[in-house]
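Dear colleague,

Please find below the structure that I am handing over to you.

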Amino acid sequence: MANIKISYLNDEFDLKLLLSIVKKNIPYVLIIFAFFFTLAFLYLRYTYPKYETSGTIQIYTEEEVRQVFGKKTQVDLAKKVELLNSSMFLSRVFSKLPLDIAYYKKGRFLNTEMYRSNHYNVHYVVKKPVIYNVPINISFLSNSNIHIDFEAEKKSNQYEFSILDTLKTEYFDMFVTLKDPGYFKNISFIDKDDYFFVLKKPSDILSSYIPNLSVFVVNENSQSIMVMYSDRNPVKAADIVDTIISEFNLYDVEKQAMSTDKILKFIDEQLEIFNQKLFETKNDIQEFKKENKIDLIFQPLPEVYSIIKEFNSEILKLEIEIAKLKRVEEFVNQSKDLDVYELYALVAGSQFQSSVSGNLQAIQNLLMQKEELLYNVTAYNSQIKQINYKLDIQKKLFAESIKIALDNIINKKKELEKQLASYNKTIYPSIDEQNVGELSILQKVYEANEALYNELLNKKAQYTIDRAGFISQNIILENAAIPEKPVYPIKSKIYIFSLIFSLILSLALIAIRYLLSNEIISAKDIAKYTNIPILGVIPKYNSIIPINHIIVDSKPKSLVAESLRAVRTNLQFIKDEPGSKIISITSTISGEGKTFIAFNLACIIAFSYKKVVVIDMDLRKPKIHLGFGVENKKGISTILSGISNIDDCIFNSHIDNLDFISAGPIPPNPSELIQTEKMIELIQYLKQKYDYIIIDNPPIGIVIDGMRSIQLADYPIYIFKAKYSKRQFIQNIEKLFEGSNIKNLSVILNAVDYAYSKYGLQNYSYDSSYGYGYGYGYGYGYGYGYGYYEEEGEKKKKATFIQKLKNIIDSNDV
């Protein structure tokens, strides 16, 4: 199996491994859950709640445009939404609300705004703008004394004053009034330092509140618009929505009355003019009669007088029409931009109204088209130019119509005046013709002005009644309700998100640990990638290992001791020739337990009355002398260097038949010393004195110092440590076997969890391709669970449900 490439990631599913990783990571999982739930708790504690409320208004789909010629227009909802979102409209709304000053009550974690629930009012005049947006602490020392303090311009300011007095500072002047004096009556029950207020900068009010406003069309068919607002204070949110809706309806009424207001303004101006003319004309008539003694002349007969009066009435009407037409003509010639509403007022009730109404309607339509286009294009756009051209044509047609109507009325008036003059000559023969004409003219002017004045009064009464009758046709479908629960943050959602994030992160942690868990767990992992025989599986020793690494002497009935006896037995099947035997132990890296295996295996063999010597061949990092408490002044390095005699370097241990040789002082050239002939001489000498020579080599995956002893060994043993040694280390023994021609190489898996070791090795036999094999099923899995071994006898307890479930899972073959 030398060509099998072992992945660095765990690419197979192992339930036991997964459960083991989960068990190991439970503390980290608990930390993750605790962290996220603590984070959620702190977030909820220190985050201001946001309350949201809304109101719905239904726009009247066909509103009456109040003008002389009624016109109906379809409402554009997009324009209504744009109006509700406009800075101009919202400035008007916010000016109606008490947003220029904010009152707060201090809290342990968060401050609470006391919108419309403040127990006091602050009246102020700002002198320096730096005081805006600065928290000003206020303390009620008693019912009459107040203390305030604040920081401005990097200095602390403190003042104490009476409620009845005005406090004058360099930043502002202010005085305080109490809404409910009884609230502060018993000052001992009030935390006097709990309050503060903030003066809002006027230019910042609009920008700070607009982002929280949402206006959108709910249903185009029903012409309904929803106004939604969110704020930290639920009362303020509802108040803002209600004010926006009420101001929108008020604005709608004002817009409807806009044209009527213009007409009423024009009528008032004309009434003032005609009132002055009436006064002047009346005086002129009286003076003329007095000078010419017209009052002494006899009055005409009733029949003749009736005819004269009829002529005068007709001429008066024509003069009124002429006056109107001249004013219209003058208005058209002098006005660069026609005001259609004023034109309507001028031609209202005239004889030529019907003849020019078509032109006025066309002009109004063109002006409306132009106004709509100017929202999207500039005044130099070709469409605007085309509309301006059409407007010029309509103006010319309108002016021509007025001129023709004026000429016709003037000619008709002249004819009537000739007939009237003949009647006057007959009635007033003593008065010269010139005086009769002058008197007639003065009377006609007075009557004409009087008629116009009366007509204007009637029109004013009519439009005033219409103006008073304007009401908003919009329907408020839903008023804003004060929200009881915040829309953010929602506790349940925050904790659910924390739970989800914790689960995701925990699962990710376990998944990553599982994928990166490429350690050897059981003998099954070794057998999968190599045919090198497994000599034994050593269970994990959970107690403290002594410094000399020997535990089988104090616990001869332990699982470790029994497993090492199985290893001792299995060694006989590898090579059972008579004579002294060399056991050379190595591993890939340090920490895999080769010294532990070397000493405890040596003890097990020594217990069978065999003479055993343990050699510390790790000349770079010696440690056997530490376990037995001897000095490391002599040993292998001094023997191979020819400095010390072999017998002088042999130390006896506290266990019968077990001796050891320490590594000696660390030499500068350990590899060269091991390669000398003295190494062969040392081994040959020891073989004459001992039945077993156990060599504890340095990790062969780090240095090659131990290669010589492995080649000389009868039993070369490679140590792996469960949940420590990487699976890639298995490739090292394949290279060692094939590249270095190491015979009888075998493997011991050390520190295996009970779940993976209790059934031992089951029929892991040698492959005949390696030159030997015996098909023996060896192990030590008998008697478990019955207190046979010391660890089980000491820890035997009644199994819980979870333990039973775990035992069922563990019962699967490794």
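**Nonpolar cores**

Leaving aside residues up to four places away in sequence, isoleucine 717 touches Leu535, Leu571, Ile583, Ser584, Ile585, Thr586, Leu601, Ser746 and Ile748; a contact means heavy atoms within 4.5 Å. The model is a predicted one, in which local features need pLDDT of at least 70 and side-chain atom pairs count only at pLDDT 80 or more, while totals for chains, interfaces and linings use all residues. Residues are numbered from 1 along each chain as its sequence is written, and side-chain values use heavy atoms, with hydrogens and water left out.

Ile717 belongs to the largest nonpolar core, which has 38 residues; Ile583, Leu658, Ile694 and Ile717 touch the most other members. Helix H15 (residues 594-607) supplies the largest share of this core, ten residues. A nonpolar core is a set of buried Ala, Val, Leu, Ile, Met, Phe, Trp, Tyr and Cys residues joined through side-chain atoms within 4.5 Å. Buried means under 20% relative accessible area, exposed means over 50%, and partly exposed lies in between (1.4 Å probe, protein chains only). In soluble globular proteins, nonpolar side chains tend to be buried together.

**Helix H15**

Helices (H or I, at least four residues) and strands (E, at least two) are DSSP runs, numbered from the N terminus. Of the 14 residues of H15, 13 are buried, so the helix is largely enclosed by the rest of the structure. Just after H15, tyrosine 609 has a positive phi of about 65°.

**An open sheet**

Six strands form an open sheet with antiparallel pairing, in the order E5-E4-E12-E7-E8-E9. Two strands pair if DSSP finds at least two bridges between them. At the edges are strand E5 (112-113) and strand E9 (155-162), each of which pairs on one side only. Strand E4 (residues 101-105) is joined to strand E12 (residues 195-199) by five bridges, and lysine 105 stands opposite tyrosine 195 in E12. Eight bridges join strand E8 (residues 145-152) to E9, where lysine 155 is the bridge partner of alanine 152. E8 and E9 form a hairpin with two residues between them, and glutamate 153 in the turn has a positive phi of about 55°.

Most residues other than glycine have a negative phi, and most peptide bonds are trans. Arginine 116 has a phi near 60°; this residue lies in the loop between E5 and strand E6 (120-126) and is partly exposed, at 47% relative accessible area. Alanine 751 also has a phi near 60°, but is found in strand E23 (residues 746-752) and is buried, at 13%. A cis peptide bond, with omega about -10°, joins tyrosine 488 and proline 489. Proline 489 lies in the loop between strand E15 (475-478) and helix H12 (491-515).

**The chain as a whole**

The chain contains 24 helices and 23 strands. Of its 814 residues, 44% count as buried. Among contacts between residues at least 6 apart in sequence, 77% join residues at least 24 apart.

Yours sincerely
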